[in-house]
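This report walks through one protein, from its overall dimensions down to single residues. Please keep the sequence and the structure in view while reading.

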Amino acid sequence: ETRTLIQVTQNMSNLTTREREIRAMQDAIKTVDAQNLLILSDNNEDPNRIDDKEIQIQFFPEWLLHQPG
């Protein structure tokens, strides 16, 4: 089973917000064994890394359109 952690934020252009959202992912992967990390936002951005894992940052409506069902 592949697990995905998803964090949602409106905008990551503010440095404080970006750090908070990435820190939330860091805290979550300490307790949840997830293979995929995803932050949904109002814009696509380059991925970030936490240790050996990559955090994808994706535009929420784009992500939603690609979901099954």
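## Burial and overall dimensions

A residue is called buried when its relative accessible area is under 20%, exposed when that area is over 50%, and partly exposed in between, with a 1.4 Å probe and only the protein chains taken into account. By this rule, buried residues make up 25% of the 69 residues in the protein. The model is a predicted one, in which local features need pLDDT of at least 70 and side-chain atom pairs count only at pLDDT 80 or more, while totals for chains, interfaces and linings use all residues. Residues are numbered from 1 along each chain as its sequence is written, and side-chain values use heavy atoms, with hydrogens and water left out.

The C-alpha trace spans about 35 × 30 × 15 Å along the principal axes of the protein. The protein exposes about 4,900 Å², of which carbon and sulfur atoms supply 46%, where accessible areas come from the Shrake-Rupley method with a 1.4 Å probe and, for residues, only the protein chains shown count as cover.

## Helices, strands and their order

Helices (H or I, at least four residues) and strands (E, at least two) are DSSP runs, numbered from the N terminus. The protein has two helices and four strands, and along the sequence they follow the pattern β-α-β-β-β-α.

Strand β1 (residues 4-8), helix α1 (residues 15-28) and strand β2 (residues 36-41) form a right-handed β-α-β unit. Right-handed here means that, with the strands pointing away from the viewer, the path from the first strand over the helix to the second runs clockwise.

## How the strands pair

Two strands pair if DSSP finds at least two bridges between them. Strands β1 and β2 pair in the parallel sense over five bridges, and within this pairing isoleucine 6 stands opposite leucine 38 in β2. Strand β2 is also joined to β4 by five bridges, again in a parallel arrangement, with leucine 37 opposite isoleucine 55 in β4.

In which sense do strand β3 (residues 45-50) and β4 pair? They pair in the antiparallel sense, over four bridges, and glutamate 45 stands opposite isoleucine 57 in β4. The hairpin of β3 and β4 has two residues between the strands. Aspartate 51 lies in the loop between them, where its phi is near 50°, a positive value in a residue other than glycine. Aspartate 51 counts as exposed, at 71% relative accessibility.

## The nonpolar core

A nonpolar core is a set of buried Ala, Val, Leu, Ile, Met, Phe, Trp, Tyr and Cys residues joined through side-chain atoms within 4.5 Å. The largest one has 10 residues: Leu5, Met12, Ile22, Met25, Ala34, Leu37, Ile39, Ile50, Ile55 and Ile57. Helix α1, strand β2 and strand β4 (53-59) each supply at least two residues of this core.

Contact means heavy atoms within 4.5 Å. Across the protein, residues 24 or more positions apart account for 44% of the contacts with a separation of 6 or more.

Is glutamate 21 buried or exposed? Glutamate 21, found in helix α1, is buried, with a relative accessible area of 4%, and, not counting residues up to four places away in sequence, it touches Gln7, Val8, Thr9, Met12 and Ile39. Threonine 17 is found in helix α1 as well and is buried, with a relative accessible area of 14%.

Aspartate 46, which is found in strand β3, is exposed, with a relative accessible area of 65%. Aspartate 46 and glutamine 56 are 10 residues apart in sequence and 7.3 Å apart in space, C-alpha to C-alpha.
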